[in-house]
Amino acid sequence: MNPHIRPERPADTPTIAEVTRLAFTYNGGIRENEMIGEIHASGRFLPDLSLVAEVEGQVVGHVIVAPTELRGDPEHPERPRRVLLLGPLSVLPDFQRRGIGSALIRSVLARLGGRPEPMVVLWGHEDYYPRFGFRRAGEFGLRPDTPAAMVYPLRSDLSSYAGLEMPA
Ligand SMILES: CC(C)(COP(=O)(O)OP(=O)(O)OC[C@H]1O[C@@H](n2cnc3c(N)ncnc32)[C@H](O)[C@@H]1OP(=O)(O)O)[C@@H](O)C(=O)NCCC(=O)NCCS
């Protein structure tokens with residue numbers, strides 16, 4: 001399936017909430033919709049990196065990317081910590097496993113040129129994101145070293161971030 005990917009618009013907000021609610025069956029998307037609402041309400045919203053997938057004019061998927069900060073190292077508060085956080089990512093259940101999530105991720109990654117952040121981080125399924133180039137955060141010395149914590153490097157050397165902690 002070849003969805004049309006475009007930046008979200010203000011009028012999409014209720015539909016995005018519904019897509020998120022239906023995609024996250026384990027909790028009805030409550031936490032994920034809170035996260036989206038917080039990003040929308042904050043000064044961190046990046047309109048170019050918040051995308052919807054449309055099929056025949058219907059919004060069937062959504063992804064949001066926002067700047068945030070790695071945590072930690074109180075002894076060196078001057079260390080740069082700003083990164084991009086990807087997620088939530090949602091695809092309507094009836095449209096899952098048809099390439100829509102992949103199209104959203106690839107479209108985000110294709111739009112990152114020129115961003116100042118050194119990496120995209122996310123919490124997600126360890127079997128899903130490596131195909132797009134995400135790697136375990138622990139490979140870069142980020143904490144925690146757990147399979148769900150993943151990094152997509154936008155620079156060849158991320159050693160100055162080693163020891164810092166993934167955002168919540
Ligand atoms: C995860 C999600 C975004 C994937 O989107 P999608 O459009 O279904 O995925 P794609 O069609 O691009 O890719 C399908 C492939 O991804 C993998 N995949 C899909 N969902 C997966 C999951 N939950 N865990 C692991 N792998 C998964 C499978 O390998 C699948 O291939 P297959 O059908 O041959 O087995 C979607 O299933 C979804 O919205 N799930 C509920 C919400 C959620 O979990 N969001 C992500 C949080 S990290």
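# Sheet, helices and ligand shell

Pro144 sits in the loop between β6 and β7. (Helices, H or I over at least four residues, and strands, E over at least two, are DSSP runs numbered from the N terminus.) A cis peptide bond joins this proline to Arg143, with omega about -5 degrees. Before going further, please keep in mind that this is a predicted model: local features need pLDDT of at least 70, side-chain atom pairs count only at pLDDT 80 or more, and totals for chains, interfaces and linings use all residues. Residue numbers start from 1 along each chain as its sequence is written.

## Backbone exceptions

Another cis peptide bond runs from Gly87 to Pro88, with omega near 0 degrees, and Pro88 is part of strand β4. For background, most residues other than glycine have a negative phi, and most peptide bonds are trans.

Positive phi values turn up here too. Glu56, in the loop between β2 and β3, is not a glycine and yet has a positive phi of about 50 degrees. Glu56 counts as exposed because it has 7 other C-beta atoms within 10 Å; the label "exposed" goes to residues with 12 or fewer such neighbours, "buried" to those with 20 or more and "partly exposed" to those in between, with C-beta atoms placed from the backbone. Arg97, in the loop between β4 and α3, has a phi near 65 degrees, again positive in a residue other than glycine. With 10 C-beta neighbours inside 10 Å, Arg97 is likewise exposed.

The loop between β6 and β7 also holds Gly138. Gly138 is partly exposed, because 15 other C-beta atoms lie within 10 Å. From Gly138 to Ile105 there are 33 residues in sequence and 21 Å in space, C-alpha to C-alpha.

## The sheet and its helices

The 7 strands make an open sheet of mixed pairing, in the order β1-β2-β3-β4-β5-β7-β6. At the edges stand β1 (4-7) and β6 (135-136), each pairing on one side only. A pair requires at least two bridges found by DSSP between the strands. In general, strands of a sheet pair through backbone hydrogen bonds, either parallel or antiparallel. Some of the pairings are set out below.

| Strands | Sense | Bridges |
|---|---|---|
| β1 and β2 (residues 50-55) | antiparallel | 4 bridges |
| β5 (residues 119-123) and β7 | antiparallel | 5 bridges |
| β6 and β7 | antiparallel | 2 bridges |

His4 has Glu54 in β2 as its bridge partner. Helix α1 (residues 13-23) packs on the sheet and touches β2, β3 (58-69) and β4 (82-91), with its direction about 90 degrees from that of β3. Helix α3 (residues 100-110) packs on the sheet as well, touching β1, β2, β3, β4 and β7 (149-153), and its direction makes about 40 degrees with that of β3. Axes are lines fitted to C-alpha atoms, for helices over the stretch in contact, and angles between N-to-C directions run from 0 to 180 degrees. On the β7 side of the sheet pairings, Met119 is partnered with Pro153, while Arg135 stands opposite Val151.

## Buried residues and the core

Burial links α3 to the sheet. Its buried residues are Ile100, Gly101, Ala103, Leu104, Ile105 and Val108, and they pack against β1, β2, β3 and β4. Strand β7 is mostly covered, with 4 of its 5 residues buried.

Among the 41 residues of the largest nonpolar core, Val63, Val65, Leu104 and Val121 touch the most other members. α1, α2 (30-41), β2, β3, β4, α3, β5 and β7 each supply at least two residues of this core, and β4 gives the largest share, 6 residues. Such a core is a set of buried Ala, Val, Leu, Ile, Met, Phe, Trp, Tyr and Cys residues joined through C-beta atoms within 7 Å.

Which residues does Val65 contact, leaving aside neighbours within four places in sequence? They are Leu46, Leu49, Ser50, Leu84, Leu85, Leu86, Val108 and Val120. Contact here requires C-beta atoms, placed from the backbone, within 7 Å of each other.

## Around the ligand

There are 16 residues around the ligand, and Gln96, Arg97, Gly101, Ser102 and Gly124 come nearest; being near requires a C-beta atom, placed from the backbone, within 6 Å of the molecule. β4 and α3 each provide at least two residues of this shell. By type, the shell holds 6 nonpolar, 7 polar and 3 charged residues.

Key
Contact = placed C-beta atoms within 7 Å. Nonpolar A, V, L, I, M, F, W, Y, C, P; charged D, E, K, R; others polar.
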